[in-house]
Amino acid sequence: LSTTKQPRKGLALDVDALQSVLQNIESARELEPSLIVASSKLADVLGTDICAVTLTADSDTLAVDVVALHPPNAAQLEAPVIPLTAYPTLAEVHMGQQPQVTKPSSQTRWLAELYDQLGIDTVSPMSIVPLVHKGKTVGLLLLSSFDRRRMWSEEEVDTHRFIAGMVATSIVRARARTQDTSLLNRLRGQDTERQKLEAVLDQTQTEVERLNSRITVLVQEIKNRDKEILQLNHELESNSDGTSGAAVNIWQEEVQTMAQEREALQSKARELSRDRDVLIKERSYLTGELSDVKAELEIVTEARNFLQAQTTTLQDKLTTAEKVLSNAGDAQTNTNGGLIIVNEDGQITMADPVARKLLRLPEGDVLG
């Protein structure tokens, strides 16, 4: 790689611009808007007129969504969905994870339909590049030019594949970070729900205790009325011979009044008991809900800790990759040096012409 920018020929790239694109994708709050900006910058870095970024549809692996298109047009506003079943070459690249260059011909009439779906009038050769991360295709990169005679060399396609791999990694990292943010928001929401449930439980417990206290008072009042009624009846029986009929009537009315008050107190006590039982049932239900929320909260907390650790690891890898990329840019400025890029398994993913010549590598694909 080189910091000298050559838009149309060779493998030289603007490393700083490329790093900026990748960092902007990973740090964006929302993925799709960041890819819209990235598509224009990628077109500039790769020296192409047209750059479309498509992502595999979440619910349908047989389709891709066009989430970004340079230059933007009316089609971009509708975010077209491209069914892979209608475009066998796209499906082949998506499943086989190998880039292809397709030229307009009588056998590739679907290419004109694809350009039409993208809202582009010019039909020219297209470089179809898979966005692959750790063996999984997350989308396709569609590159083209307004020049109908424009063709893509093997070296340029290798560069497309190399850049697409880095873009795919940035997309996956951005999604992971977004999921982590959503997880944290969910965690905060559940913690708030737990606090609300605990507050309701405290209020319910207080109300139950108040009702229990009130019921205890009523029961004591009923006992007092029973004693008073018993005492009045005893006095009435003891003094029945020397007591006038009027006094007896007064005593009987008082006894009857106290009996009615006693019955009213019992009715109130029963009503409060029912209210207390309802609150106890509600408290039991809320306790169960609180237990479920706490259990889910523990699971989400563990997931959050795992994602935070994973994010830290990915950030370390990104820092290392940026250093390697920067060193590669410096090394390429030496005309006596060549560049070979390998993956984590030690397999060659790209070799520039200088490296091919120095190591006498064969022309063509040296992947693996």
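The dialogue below goes from confidence to fold, core, backbone and surface.

Biologist: What kind of model is this, and how are its residues numbered?

Modeller: This is a predicted model, in which local features need pLDDT of at least 70 and side-chain atom pairs count only at pLDDT 80 or more, while totals for chains, interfaces and linings use all residues. Residues are numbered from 1 along each chain as its sequence is written, and side-chain values use heavy atoms, with hydrogens and water left out.

Biologist: What is the average pLDDT of the chain, and where does pLDDT stay under 50?

Modeller: pLDDT is the predictor's confidence in each residue, on a scale from 0 to 100. The chain averages 77, and 81% of the residues score at least 70. Over residues 1-11 pLDDT stays under 50, although the model has 34 contacts beyond four places in sequence for them; a contact here means heavy atoms within 4.5 Å. Where pLDDT is low, the predicted coordinates should not be read in detail.

Biologist: How many helices and strands does the chain have, and what share of its residues is buried?

Modeller: Helices (H or I, at least four residues) and strands (E, at least two) are DSSP runs numbered from the N terminus, and the chain has eight of each. Buried means under 20% relative accessible area, exposed means over 50%, and partly exposed lies in between, with a 1.4 Å probe and protein chains only. By that rule, 39% of the 368 residues are buried.

Biologist: Which residues have the most contacts inside the largest nonpolar core?

Modeller: In soluble globular proteins, nonpolar side chains tend to be buried together. A nonpolar core is a set of buried Ala, Val, Leu, Ile, Met, Phe, Trp, Tyr and Cys residues joined through side-chain atoms within 4.5 Å. The largest one here has 31 residues, and those with the most contacts inside it are Ile25, Leu35, Leu131, Leu141, Ile163, Val167 and Ile171. Elements giving two or more residues to this core include helix H1 (15-27), helix H2 (31-46) and helix H6 (154-238), and H6 provides the largest share, eight residues. Leaving aside neighbours within four places in sequence, isoleucine 171 is in contact with Ile25, Leu31, Leu35, Leu55 and Leu131. Apart from this core lies another, of 22 residues, among them Val66, Ala91, Leu111 and Leu114.

Biologist: Is glycine 139 buried or exposed, and what is it in contact with?

Modeller: Glycine 139, in strand S6, counts as buried because its relative accessibility is 0%. Beyond its neighbours within four places in sequence, glycine 139 is in contact with Thr54, Leu55, Thr56, Val129, Pro130 and Leu131. Glycine 139 and valine 64 are 75 residues apart in sequence, yet 6.7 Å apart in space, C-alpha to C-alpha.

Biologist: Which backbone details should I look at?

Modeller: The peptide bond from histidine 70 to proline 71 is cis, with omega near -5°, and proline 71 lies in the loop between S2 and helix H3 (74-78). Glutamine 97 is not a glycine but has a positive phi of about 60°. Lysine 134, in the loop between S5 and S6, likewise has a positive phi, near 50°, and is exposed, with a relative accessible area of 64%.

Biologist: How many salt bridges does a search of the whole structure find?

Modeller: A salt bridge is a side-chain nitrogen of Lys or Arg within 4 Å of a carboxyl oxygen of Asp or Glu, and the search finds four. In one of them, the side chains of glutamate 26 and arginine 173 meet at 3.4 Å, N to O; this pair links distant parts of the chain, helix H1 and helix H6, 147 residues apart. Glutamate 26 is buried because its relative accessible area is 11%, and arginine 173 is buried at 14%. Glutamate 156 forms another with arginine 150, the closest N and O atoms being 3.2 Å apart.

Biologist: Which residues make the nonpolar surface patch?

Modeller: Patches are made of residues with over 30% relative accessible area and no salt bridge, with like charges joined within 9 Å and nonpolar side chains (Val, Leu, Ile, Met, Phe, Trp, Tyr) within 5 Å. Accessible areas come from the Shrake-Rupley method with a 1.4 Å probe, and for residues only the protein chains shown count as cover. Ile340, Val342, Leu358 and Leu359 make a nonpolar patch of about 360 Å². Strand S7 (340-342) and helix H8 (353-359) each supply at least two of its residues, and leucine 359 counts as exposed because its relative accessibility is 52%.
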